[in-house]
Amino acid sequence: MVRPCPICERDALADRAENEFAPFCSKRCRLIDLGRWLDESYRIPAVEDDEVEDEGAPPTSNSGRDERTQ
Ligand SMILES: [Zn+2]
C-alpha cells in the first residue's frame, strides 16, 4: 500500500515491513515531522531581540582636511 508522505507528499510505502519510516517516505521526512512535533511541545517563548548591536560607525572626524586651499 502506497500513500503520500505527509511531509513531502511523495509516494511512501505505508507498510512498516517494507518501509521502516512509514508513514513517511524516508528518514529525513520522519525527522522533519519529529522536529515539528518537538517544536510544538517545547514552544520557546518568543523573545523580542531588539538589542541591535552597535557596530560602531566610525566617528566623523573633521580634522580640518576640509579647509579649502585658496
Ligand atoms: Zn517524504
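Colleague: Among contacts in the protein between residues at least 6 apart in sequence, what percentage join residues at least 24 apart?

Modeller: In this predicted model, 9% of the contacts between residues at least 6 apart in sequence join residues at least 24 apart. The protein has one helix and two strands, and along the sequence they follow the pattern β-β-α. Buried residues make up 14% of the 70 residues.

Colleague: What makes the site of the zinc ion tetrahedral?

Modeller: The zinc ion is coordinated by the SG atoms of C5, C8, C25 and C29, at 2.2 to 2.3 Å, and donors are counted within 2.8 Å of the metal. The angles among the four donor atoms are 101 to 117°, whereas four donors count as tetrahedral if all angles lie between 85 and 135 degrees, so the site of the zinc ion is called tetrahedral. For four tetrahedral donors the ideal angle at a metal is 109.5 degrees.

Colleague: How are the donor residues of the zinc ion spaced in sequence, and which parts does the pair C8 and C29 tie together?

Modeller: The spacing of the donor residues is C-x2-C-x16-C-x3-C. C8 lies in the loop between strand 1 (2-4) and strand 2 (11-13), while C29 lies in helix 1 (residues 27-41), so this pair ties together parts that are 21 residues apart in sequence.

Colleague: How many disulfides are counted in the protein?

Modeller: The count comes to zero disulfides, because a disulfide requires a pair of cysteine sulfur atoms within 2.5 Å.

Colleague: Which residues make up the largest nonpolar core?

Modeller: That core has six residues, namely C5, I7, A12, F24, C25 and C29; C5, C25 and C29 are also among the residues that coordinate the zinc ion. Leaving aside its neighbours within four places in sequence, A12 is in contact with M1, V2, R3, C5, N19, P23, F24 and C25.

Colleague: Why is N19 called buried, and what does the side chain of N19 reach?

Modeller: N19 lies in the loop between strand 2 and helix 1, and its relative accessible area of 7% is under 20%, so N19 is buried. The side chain of N19 reaches the backbone nitrogen of F21 at 2.9 Å, and a polar atom of that side chain lies 2.8 Å from the backbone oxygen of F24. Both distances can be set against the limit for a polar contact, which is 3.5 Å. Beyond its neighbours within four places in sequence, N19 is in contact with A12, L13, F24 and C25.

Key: Residues numbered from 1 in each chain as written. Predicted model: local features only at pLDDT ≥ 70, side-chain atom pairs only at ≥ 80, totals over all residues. Heavy atoms only, no water. Donors = N, O, S within 2.8 Å, 3.2 Å for Na, K, Ca; no water. Tetrahedral: all angles 85-135°; square planar, octahedral: opposite > 155°, others 65-115°. Helix = DSSP H or I, 4+ residues; strand = E, 2+ residues; numbered from the N terminus. Core = buried A, V, L, I, M, F, W, Y, C linked by side-chain atoms within 4.5 Å. Buried < 20%, exposed > 50% of the residue type's maximum accessible area, 1.4 Å probe, protein only. Contact = heavy atoms within 4.5 Å. Polar contact = N/O pair within 3.5 Å; in protein donor to acceptor, adjacent residues only side chain to side chain.
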